Amino acid sequence: MSALTPPTDMPTPTTDKITQAAMETIYLCKFRVSMDGEWLCLRELDDISLTPDPEPTHEDSWEDLTELVEQIRGDTEDPNYLMANERMNLMNMAKLSIKGLIESALNLGRTLDSDYAPLQQFFVVMEHCLKHGLKAKKTFLGQNKSFWGPLELVEKLVPEAGEITASVKDLPGLKTPVGRGRAWLRLALMQKKLSEYMKALINKKELLSEFYEPNALMMEEEGAIIAGLLVGLNVIDANFCMKGEDLDSQVGVIDFSMYLKDGNSTKGSEGDGQITAILDQKNYVEELNRHLNATVNNLQAKVDALEKSNTKLTEELAVANNRIITLQEEMERVKEESSYILESNRKGTKQDRTADGQALSEARKHLKEETQLRLDVEKELEMQISMRQEMELAMKMLEKDVCEKQDALVSLRQQLDDLRALKHELSFKLQSSDLGVKQKSELNSRLEEKTNQMAATIKQLEQSEKDLVKQAKTLNCAASKLIPKHHH
């Protein structure tokens with residue numbers, strides 16, 4: 001308490017100011033985190049600045065201050081008080097993370113992936129919320145705390161979550177419960193049902209008591225508030241590819257720099273916004289170009305398949321034509337034979353004539369079938385030729401569209417280069433102006449030093465002038481004394 005004893009010549013702060021500062025402050029680990037609107041302001045616990053009160057309200061304000069500080073220290077040593085502060089801190093961080101993620105995603109206007117920084121921080125905050133107050137389970141390797149156990153319960157409460165749990169268990173790269181829990185959170189966000197699953201889990205506190213302490217975040221009202229805030233995430237679209245992502249060894253550390261207010265960051269916001277818009281347009285055009293290239297490749301494959309089928313149909317048509325010609329020749333031969341038979345067997349029996357007539361009708365029927373087959377093949381060939389022409393026209397239109405998109409991409413890249421050059425020129429001018437200000441400040445300091453030297457010299461001259469005046473007065477007095485003596 002000796003460190004808290006105030007100097008005798010310093011005014012003491014009032015108890016009301018200390019109480020107000022304590023009410024506007026939340027405690028996180030060894031830092032004091034003050035809420036300033038939507039932002040955080042971090043300060044060390046030891047860095048407690050107390051502004052003096054020009055008019056103390058009463059004489060015993062410093063004793064009240066020491067009692068209040070002792071009371072705050074006593075409260076912070078209480079485990080329940082610390083857990084309550086941690087719950088409040090995590091809830092505030094969840095609010096900031098969810099709000100920042102929604103705003104940035106809406107401004108971005110596209111599907112989010114795993115590399116998006118606000119989305120990564122949101123998962124880190126959610127991981128801390130789920131880990132708060134977890135009971136340690138003893139294993140042969142030691143104590144283990146994992147939030148995968150509570151998340152496995154969701155499929156029992158909501159049957160739709162069974163698909164997510166099965167997908168997580170089937171992922172080959174996940175080896176730890178922490179990695180499975182992170183994958184589950186990402187899949188639930190993609191499904192846009194993370195809020196529904198968390199609400200169902202929080203409502204079953206008798207099941208959560210197996211995994212959490214009684215004063216954990218998931219067991220208190222802060223957990224229900226966070227579950228309600230998660231509803232807002234249904235407006236964003238996210239897409240994750242977790243096959244190549246290492247979710248087991250990631251370190252979940254909250255990056256407070258994303259939520260700290262920085263006044264200097266607003267200077268180049270307009271230029272950065274333009275560059276961001278250009279980059280988004282460039283990415284969109286490149287993605288569209290990739291889709292168009294894929295479409296062209298698919299159409300080319302279809303055209304190749306149609307060409308092969310067309311060649312095959314042409315070959316079949318040629319075979320059918322040859323067969324028809326052969327049948328026609330056979331029919332002519334049969335006619336000749338039949339006419340010869342009729343002429344030679346005019347006096348034959350009636351049964352022989354009937355047999356010849358049946359053979360002739362069969363030949364005619366066979367010829368009719370072959371003719372119909374030829375007509376069908378020709379119709380199919382005409383259809384294939386028309387489809388091929390349509391595909392060629394579609395390919396030409398797609399090639400034209402691809403050329404236009406490539407020209408737009410080239411112009412966007414040129415604009416991006418111009419913006420970068422302009423930014424480089426502005427930074428160079430800023431450095432030049434900073435250098436000029438520094439030189440002027442050095443010249444000003446030199447002038448001030450010379451001015452001080454001249455002032456000192458003037459003071460010395462004034463002092464010497466005073467000394468000369470005194471000496472002159474002394475000499476005058478001595479002369480006046482000597483002159484009367486000389487007269488005598």
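This is a predicted model: local features need pLDDT of at least 70, side-chain atom pairs count only at pLDDT 80 or more; totals for chains, interfaces and linings use all residues.
Q: How many helices and strands does the chain have?
A: Helices (H or I, at least four residues) and strands (E, at least two) are DSSP runs, numbered from the N terminus. Here there are 13 helices and 5 strands.

Q: What share of the residues counts as buried?
A: Buried means under 20% relative accessible area, exposed means over 50%, and partly exposed lies in between (1.4 Å probe, protein chains only). Of the 488 residues of this chain, 29% count as buried.

Q: What share of the contacts joins residues 24 or more positions apart?
A: A contact means heavy atoms within 4.5 Å. Among contacts in the chain with a separation of 6 or more, residues 24 or more positions apart account for 74%.

Q: Is helix α9 mostly covered or mostly open, and which of its residues are buried?
A: Helix α9 spans residues 194–202 and is mostly covered, with 7 of its 9 residues buried. Those are Leu194, Ser195, Tyr197, Met198, Ala200, Leu201 and Ile202.

Q: Which residues does Ser195 contact?
A: Ser195 lies in helix α9 and has a relative accessible area of 5%, so it counts as buried. Leaving aside neighbours within four places in sequence, Ser195 is in contact with Ala227, Leu230 and Val231.

Q: What is a salt bridge, and how many does the structure hold?
A: Side chains of opposite charge can pair when their charged atoms come close. The term means a side-chain nitrogen of Lys or Arg within 4 Å of a carboxyl oxygen of Asp or Glu. The structure holds 12 salt bridges.

Q: Where do Lys192 and Asp237 lie?
A: Their side chains meet in a salt bridge at 2.6 Å, N to O. The pair links distant parts of the chain, 45 residues apart: Lys192 is in the loop between α8 (177–191) and α9, and Asp237 is in the loop between α11 (221–229) and α12 (269–344). Lys192 is partly exposed at 35%, and Asp237 is partly exposed at 41%.

Q: Is Glu370 buried or exposed?
A: Glu370 forms a salt bridge with Arg323, with the closest N and O atoms 3.4 Å apart. Glu370 is in helix α13 (residues 350–487) and Arg323 is in helix α12, 47 residues apart, so the pair links distant parts of the chain. Glu370 has 7% relative accessibility and counts as buried, whereas Arg323 is partly exposed at 46%.

Q: How many residues apart are Lys429 and Glu425?
A: Both lie in helix α13, 4 residues apart, about one turn of the helix.

Q: Which residues are linked in a network of salt bridges?
A: Glu127, Lys131 and Arg182 are linked in this way.

Terms used: Residues are numbered from 1 along each chain as its sequence is written. Side-chain values use heavy atoms; hydrogens and water are left out.
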